[in-house]
Amino acid sequence: MPPQRKSNEFERGRAFAWFQDGVPKREVARRLHVSISVIVRLIQRFTATGRFQERRRLGRPKKTTPREDRLIERLALQTRTASSSIIRRQLRVATNTTISHQTIRNRLHGFNLRSRRPAVRPRLTPAHRAARRAFYRRHVRWTRQQWSQVLFSDESRFTLNHNDD
């Protein structure tokens with residue numbers, strides 16, 4: 001059986017036209033790369049309703065409106081590092097809607113927005129600060145000529161280009 005996929009309105013109409021022209025259901029399914037049961041349901045739906053569109057599917061209604069979804073997206077884009085609880089709080093203030101953290105994450109995932117965490121740098125200890133002050137005091141009066149003689153290096157390797165070896 002070929003893999004199942006969603007057909008569009010044009011393909012549904014073409015399938016029904018082929019069926020009316022006498023092409024077997026199995027051949028119609030093969031041409032469209034769908035299962036035979038899809039073609040059978042399509043024919044049954046058209047004979048019952050006269051339309052190719054699928055009925056509205058039942059299911060749990062969304063907790064948020066499209067307007068609230070856009071607000072969630074905008075809030076996330078304004079502050080890229082905002083957590084779902086922060087966005088949830090801002091949404092509650094703006095629209096008086098209470099939804100779960102998971103719903104916020106689901107909506108952001110639907111907008112193809114991933115969570116971001118700010119870069120964390122090491123904390124400066126008092127010893128670090130004292131060493132920096134001492135360095136500054138020793139070199140505060142250096143000229144450009146003196147600084148041009150200095151080579152700053154460390155053990156880290158930074159790749160500027162992808163094929164930089």
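Glu27, Arg30 and Arg31 are linked in a network of salt bridges, a salt bridge being a side-chain nitrogen of Lys or Arg within 4 Å of a carboxyl oxygen of Asp or Glu. The model is predicted, so local features need pLDDT of at least 70 and side-chain atom pairs count only at pLDDT 80 or more, while totals for chains, interfaces and linings use all residues. Residues are numbered from 1 along each chain as its sequence is written, and side-chain values use heavy atoms, with hydrogens and water left out.

**The chain as a whole**

- The chain contains eight helices and zero strands; helices (H or I, at least four residues) and strands (E, at least two) are DSSP runs, numbered from the N terminus.
- Read from the N terminus, the order of elements is α-α-α-α-α-α-α-α.
- Of the 165 residues in the chain, 22% are buried. Here buried means under 20% relative accessible area, exposed means over 50%, and partly exposed lies in between (1.4 Å probe, protein chains only).
- The accessible surface of the chain is about 14,300 Å², and carbon and sulfur atoms account for 51% of this area. Accessible areas come from the Shrake-Rupley method with a 1.4 Å probe, and for residues only the protein chains shown count as cover.
- Among the contacts in the chain with a separation of 6 or more, 48% join residues 24 or more positions apart; a contact means heavy atoms within 4.5 Å.

**Salt bridges within helix α2**

- The whole structure holds three salt bridges.
- In the bridge between Arg30 and Glu27, the closest N and O atoms are 2.6 Å apart. Arg30 and Glu27 are three residues apart in helix α2 (residues 25-32), and therefore about one helical turn separates them.
- Glu27 also forms a salt bridge with Arg31, with an N to O distance of 3.2 Å. Arg31 and Glu27 are four residues apart in helix α2, which is about one turn of the helix.
- Glu27 is partly exposed, at a relative accessible area of 23%. Arg31 is likewise partly exposed, at 35% relative accessibility.

- Asp69 and Arg107 form a salt bridge in which the closest N and O atoms are 3.1 Å apart. This pair links distant parts of the chain, as Asp69 belongs to helix α4 (residues 66-78) and Arg107 to helix α6 (residues 101-110), 38 residues apart.
- Both Asp69 and Arg107 are buried; the relative accessibility of Arg107 is 14%.
- When residues up to four places away in sequence are not counted, Arg107 touches Lys62, Lys63, Thr64, Asp69 and Ile72.

**Packing of helices α1 and α3**

- Two packed helices are described by the angle between their axes and the distance between the axes.
- The axes of helix α1 (residues 9-20) and helix α3 (residues 36-49) come within 10 Å and cross at roughly 85 degrees. Axes are lines fitted to C-alpha atoms, for helices over the stretch in contact, and angles run from 0 to 180 degrees between N-to-C directions.
- Helices α1 and α3 are therefore roughly perpendicular to each other. Angles of 65 to 115 degrees count as roughly perpendicular, those under 35 as roughly parallel, those over 145 as roughly antiparallel, and the rest as oblique.
- From α1, Arg12, Ala15, Phe16 and Phe19 meet Ile39, Leu42, Ile43, Arg45 and Phe46 of α3.
- The residues of this contact of α1 with α3 comprise seven nonpolar, no polar and two charged. Ala, Val, Leu, Ile, Met, Phe, Trp, Tyr, Cys and Pro count as nonpolar, Asp, Glu, Lys and Arg as charged, and the others, Gly among them, as polar.

**Residues outside the helices**

- Asn8 is located in the segment before α1 and is partly exposed, with a relative accessible area of 41%.
- Asn8 and Phe52 are 44 residues apart along the chain, and their C-alpha atoms are separated by 9.5 Å.
- Most residues other than glycine have a negative phi.
- His33, in the loop between α2 and α3, has a phi near 60 degrees, which is a positive value in a residue other than glycine.
- Asn96 also has a positive phi, near 60 degrees. Asn96 lies in the loop between α5 (84-95) and α6 and is exposed, with a relative accessible area of 68%.
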